[in-house]
Amino acid sequence: MTLDTQISPCAICEKDISQFFTAPCDYRKPTKPISYDVHWCFTCSYGQVWRRPTKEDVAGFYELEEYYTHSASKDIDSPSNKESLFLDRLRAHLAWRLDTGKDASPKEATSLLEGKSLTMLEIGCGSGVAISKFNAAGFSVVGIEPDPKAREAARTTGLTVYEGTAEELPDELMGRKFDVVVMSHVLEHCLDINAAVLNARSVLKKDGIFIVETPNCGSQGFKDQKAEWPWSDIPRHLNFFTPTSLSSILSKHGFDVITENYSGFFRQFTNSWLSTEEEIWESLQGSTEKKSKKPNFRRRAWGLLFRSLFYPKSAKYDSVRIIAKNN
């Protein structure tokens with residue numbers, strides 16, 4: 001299957017948009033001759049894979065030996081021995097010191113809510129890392145997750161997790177309303193982002209809080225590398241949000257955007273991230289006739305680090321998180 005280039009309707013404003021760049025293959029499956037076009041709406045600052053795959057295609061994208069949702073482990077955002085060379089350790093340490101971003105926290109919700117008994121639903125809870133934080137903070141929590149390996153990992157920690165997706169909520173949630181709904185690194189995977197956001201609103205109480213986080217495609221890393229950026233992860237990621245477009249899709253469906261937060265600076269300068277950059281570059285180069293000179297990934301990271309001193313947060317961090325209210 002090769003996805004042809006043509007005009008497509010922007011999922012947010014519905015205006016016609018066209019091809020911006022192409023990923024010559026799925027870097028995790030480089031032997032399969034499938035390319036993916038990303039169309040871009042410069043009005044909304046939003047991108048989408050076009051043509052859209054089928055649900056069956058999407059399920060196949062996740063047939064991998066390893067994927068981050070399959071276990072309950074998580075990365076530690078601090079310098080480590082993985083940076084073996086002095087300059088690597090120095091680069092990582094400087095990035096760590098410059099990182100003022102904050103990960104999602106239950107306090108982002110509790111500071112906006114009143115009441116002692118709070119309920120929370122996470123759509124796309126993966127192995128349960130985020131939902132466990134809310135559980136520990138006293139929330140009554142429920143998760144939804146389509147990946148069976150991830151569901152099993154979450155359930156082994158005692159969490160209640162149902163099978164479902166953002167576009168197709170499980171029957172178990174019929175008629176239920178929650179104080180908080182979280183979608184962390186989920187919306188970029190959705191075939192229908194409008195249905196996903198509307199479903200989130202349908203299970204929120206009035207004045208409930210919606211916390212949604214995606215990769216930040218307003219970051220300089222994405223602008224420089226596009227399909228080669230580690231968090232483009234095409235075709236598992238079908239949508240490419242910036243702070244502007246993420247706020248726009250929420251406002252379109254009746255949410256009031258309250259705050260905009262960022263996370264993910266330090267990790268872009270670790271050897272682990274640079275190894276992924278190199279892996280993606282090698283895979284994509286092997287699937288295209290247009291060969292290019294291999295980058296010096298360490299030198300490029302130093303350049304990005306120095307340039308980032310002059311960037312706003314919207315161009316610096318790899319993730320953007322919006323907190324919105326359902327009025």
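I started with the second largest cavity, and I find it lined by Ala23, Cys25, Tyr27, Ala227, Trp229, Asp233, Ile234, Ile280 and Leu284. For the search, a cavity is a set of points on a 1 Å grid over the protein atoms alone where a 1.4 Å probe fits but cannot get out; a pocket is an open set with protein on both sides within 12 Å along at least five of seven lines; lining residues have an atom within 4 Å of a point. The volume of this second largest cavity is about 40 Å³. I take volume as the space filled by probe spheres set on the points, with points joined across faces, edges and corners. I sorted this lining by class: eight nonpolar, no polar and one charged. Ala, Val, Leu, Ile, Met, Phe, Trp, Tyr, Cys and Pro count as nonpolar, Asp, Glu, Lys and Arg as charged, and the others, Gly among them, as polar.

The model is predicted: local features need pLDDT of at least 70 and side-chain atom pairs 80 or more, while totals for chains, interfaces and linings use all residues. Residues are numbered from 1 along each chain as its sequence is written, and side-chain values use heavy atoms, without hydrogens and water.

How many cavities of 30 Å³ or more does the structure hold? I count two. Helices (H or I, at least four residues) and strands (E, at least two) are DSSP runs, numbered from the N terminus.

Next, the second largest pocket. I read a volume of about 260 Å³. Its lining includes Phe21, Thr22, Gln225, Glu228, Leu284 and Lys290. Strand S2 (16-23) and helix H9 (271-285) each supply at least two of the lining residues. The classes are four nonpolar, five polar and three charged.

Last, helix H8 (residues 243-252). Which of its residues are buried? I list Pro243, Ser245, Leu246, Ser247, Ile249 and Leu250. Buried means under 20% relative accessible area, exposed over 50%, partly exposed in between (1.4 Å probe, protein chains only). After H8 comes Gly254, with a positive phi near 90 degrees. I also checked Leu90, in helix H2 (residues 86-98). Leu90 counts as partly exposed because its relative accessibility is 30%.
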